[in-house]
Amino acid sequence: MNKEKAVKLIGVVFAFGFVIVLFNMFFGADEAKDESSSVSVEEVADTDKKEGAAHNKERSFDDEVEVNVVDDENEEQAIPGETEPDFEKEYTKQYGKEAVEAAQGAAGRVTALYLLDEVNPEEWKPYATKEFYDRTIQSIEKSMDDKKRDIHSIEVVPTEPQQENQIRFVVFAKWDLYETSGKTVNSQNKMYYVNVIPKDGKWYVDEIEGLEDVFNK
């Protein structure tokens with residue numbers, strides 16, 4: 001009996017030890033797995049934090065670049081560029097204000113006479129040289145038609161002279177073209193170049209050219 005009890009006791013102890021070993025094998029592995037998982041989460045969190053920092057840094061850099069681009073553009077806009085010379089100011093300095101106004105008035109008046117097909121020399125004499133209005137009247141008489149013109153506006157702007165002792169203007173004219181019956185044919189506009197020269201203390205037009213005439217020279 002004692003021998004049998006000893007054998008049974010040894011068996012129980014062996015079985016209990018075996019159970020403990022199995023317990024450690026299964027539950028110990030789970031704990032190790034949990035620890036491994038915990039480390040992975042921390043690594044992921046740390047990685048996300050680093051990526052977030054990198055993203056924020058990149059975003060801040062982009063914002064700074066955008067600001068710099070805007071500033072550069074503003075600086076470029078602030079730099080004054082080249083502008084056309086003030087020919088009216090230059091003419092006034094050279095000839096005086098009254099002379100420039102007289103030349104401008106003559107240019108506008110002669111353009112109107114030209115558009116209205118005026119052939120009366122007396123209308124031209126106060127504003128144009130004889131050589132010019134004789135030639136112009138002959139040209140008008142050759143090309144005169146039965147159309148009438150009603151001038152809306154004439155704008156006279158100083159421009160660069162072609163030669164010394166001359167004031168040159170660009171003239172913008174707008175008018176309606178009518179038939180003799182009074183019916184409107186169409187509205188027209190054109191740009192002319194008008195040269196004005198001094199003679200006997202006054203200013204007279206000695207040339208008027210259409211834009212096509214200037215470019216065909």
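The structure is a predicted model, in which local features need pLDDT of at least 70 and side-chain atom pairs count only at pLDDT 80 or more, while totals for chains, interfaces and linings use all residues. Residues are numbered from 1 along each chain as its sequence is written, and side-chain values use heavy atoms, with hydrogens and water left out.

The structure contains six salt bridges; the term denotes a side-chain nitrogen of Lys or Arg within 4 Å of a carboxyl oxygen of Asp or Glu. One of them joins the side chains of Arg-109 and Glu-123, with an N to O distance of 3.6 Å. This pair links distant parts of the chain, for Arg-109 belongs to helix H3 (residues 97–115) and Glu-123 to helix H4 (residues 121–124), 14 residues apart. Helices (H or I, at least four residues) and strands (E, at least two) are DSSP runs, numbered from the N terminus.

Buried means under 20% relative accessible area, exposed over 50%, and partly exposed in between, with a 1.4 Å probe and protein chains only. Glu-123 counts as partly exposed because its relative accessibility is 31%, and Arg-109 does so because its value is 35%.

A further salt bridge pairs Glu-122 with Lys-125, whose closest N and O atoms are 2.8 Å apart. Lys-125 is partly exposed, at 39% relative accessible area, and Glu-122 is partly exposed at 49%.
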